Amino acid sequence: MLRQALLAGVEAGLDRVLRLDPTARPRLARLAGKVIEVQGRAPDLHLFLLPGEDGIRLAGHWEAPADCVLRAPLSSLLRLATAHDKVAVLHGPEVELDGDSSALLDLAEVLQDLELDWEYELSRWLGPVAAGLLGGQARSSGRHARQTLESLKDTLADYLAEESRVLVGRREAEARFAELDDLKLALDRLDARVERLIQQAKPTA
Amino acid sequence: MSDPRKAPDHEPTTHFGYQNVPESQKAEKVAEVFHSVAAKYDLMNDLMSGGIHRLWKRFTLELSGVRPGNRVLDIAGGTGDLTRQFSRLVGPAGEVVLADINASMLKVGRDRLLDKGVAGNVAFVQADAEKLPFPDNHFDVVTIAFGLRNVTHKDDALRSMLRVLKPGGRLLVLEFSKPGNPLLSKAYDAYSFTLLPLMGKLITRDADSYRYLAESIRMHPDQDTLKAMMVEAGFERVSYHNMTGGIVALHRGIKP
């Protein structure tokens, strides 16, 4: 019963998140009837996902056969849950897929494309004016945080490459790589020329 | 003038909670109970079980093996908890029949499902579990959740369910049962016979109906007896799963 309670809780949370994207449920409805079995390793985890128009149902056991079976270490499953590019994780070497993989890929795409409308959810609780103000503030703070992060990244890169000389700068590295490429081409040409001279020096029969 | 409900002296009796009543009167008395509680049935279920009845039903769905296109019969479906989930699982190509002997419960269930937008693949039928009005070999899955203990002739009902199931189809009986732990059993008794009627009195103003529910649970066959009854009725591979320490058990049998 504990597992049932846990799955019911996760399902309810997932449902709330899916409600924030109005396009998610119609897309999930197209997957109705599909059963996706997830077998996690290290530690063992067995889960069934049943997408449908009212969300994704989770089950610890399902008697009907699954359309698609996903086997992967738990670390890969966690990466799958958190990664933005879920399809790339599914194509990883440690992930095995059996059966109708399109069902799982379609589900992964729906989750990947989620665009959560937090402002709408806030407006249901706080009203449109307060939600608009909070949303505007959050967007402005987010923009500021992103700019600060970008600026910090550039400054740190400059410092490490130009000031402390711990790392080679990008442009400097690119120039060296270009020189190495030229050198490799010159060597190839020299090799071909020597080979041709050897062929010419050989006495003809 | 004679009481129309008075049974002839030779009529066999059955239990109605802890009382013995003539068999012909049990269905009517059970109907009175459910007419009385129908409007607040969901609220009371949540209060009485602390919401755990939803988890018991989740487990029932997991063991049902229902797939798209299946035909499902939800007997004593009441307010439609299982029917709603089955409707989603069988999809537009399938069909779910919500059957209940009690018109009030059926009406509450139908209104509730329509309010939730569940329509198209759901039919509502007022039917007696002992004489199911469906063809032989018709359903892939038959469920009866918290209903069998109210049926007068349980053997007849099980045979009727077997008849309407397709060969290979499965019956799921979710019902209150006997806790395995004596300590849990004592606590459960104390809860059922004191707190439960009190809640019934406060919420539905009907303590007697909830006292009947507690008594009917005690009079219901235990896990092994019900399993034997299902085997006797003709089911194969009969097994049961105890939930919440045996307070509730889910029996499953397959039609050969």
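1. Arg88 of chain B forms a salt bridge with Asp54 of chain A, their closest N and O atoms lying 2.4 Å apart. A salt bridge here is a side-chain nitrogen of Lys or Arg within 4 Å of a carboxyl oxygen of Asp or Glu. By this rule, 4 salt bridges cross the interface of chain A and chain B.

2. The model is predicted: local features need pLDDT of at least 70, side-chain atom pairs count only at pLDDT 80 or more, and totals for chains, interfaces and linings use all residues. Residues are numbered from 1 along each chain as its sequence is written, chains are lettered from A in the order in which they are written, and side-chain values use heavy atoms, with hydrogens and water left out.

3. At the interface, 22 residues of chain A are in contact (heavy atoms within 4.5 Å) with 19 residues of chain B. The two chains bury about 1600 Å² between them, 52% of it on carbon and sulfur atoms. Buried area is the accessible area (1.4 Å probe) that two parts lose on being put together, summed over both.

4. Chain B has an open sheet of 7 strands in the order β5-β4-β3-β6-β7-β9-β8, with mixed pairing. Strands are DSSP runs (E, at least two residues), as are helices (H or I, at least four), numbered from the N terminus; two strands pair if DSSP finds at least two bridges between them. The edge strands of chain B, β5 (122-126) and β8 (236-243), each pair on one side only.

5. Strands β3 (residues 71-75) and β4 (residues 95-100) of chain B run parallel and are joined by 5 bridges. Ile75(B) stands opposite Ala99(B) in β4(B).
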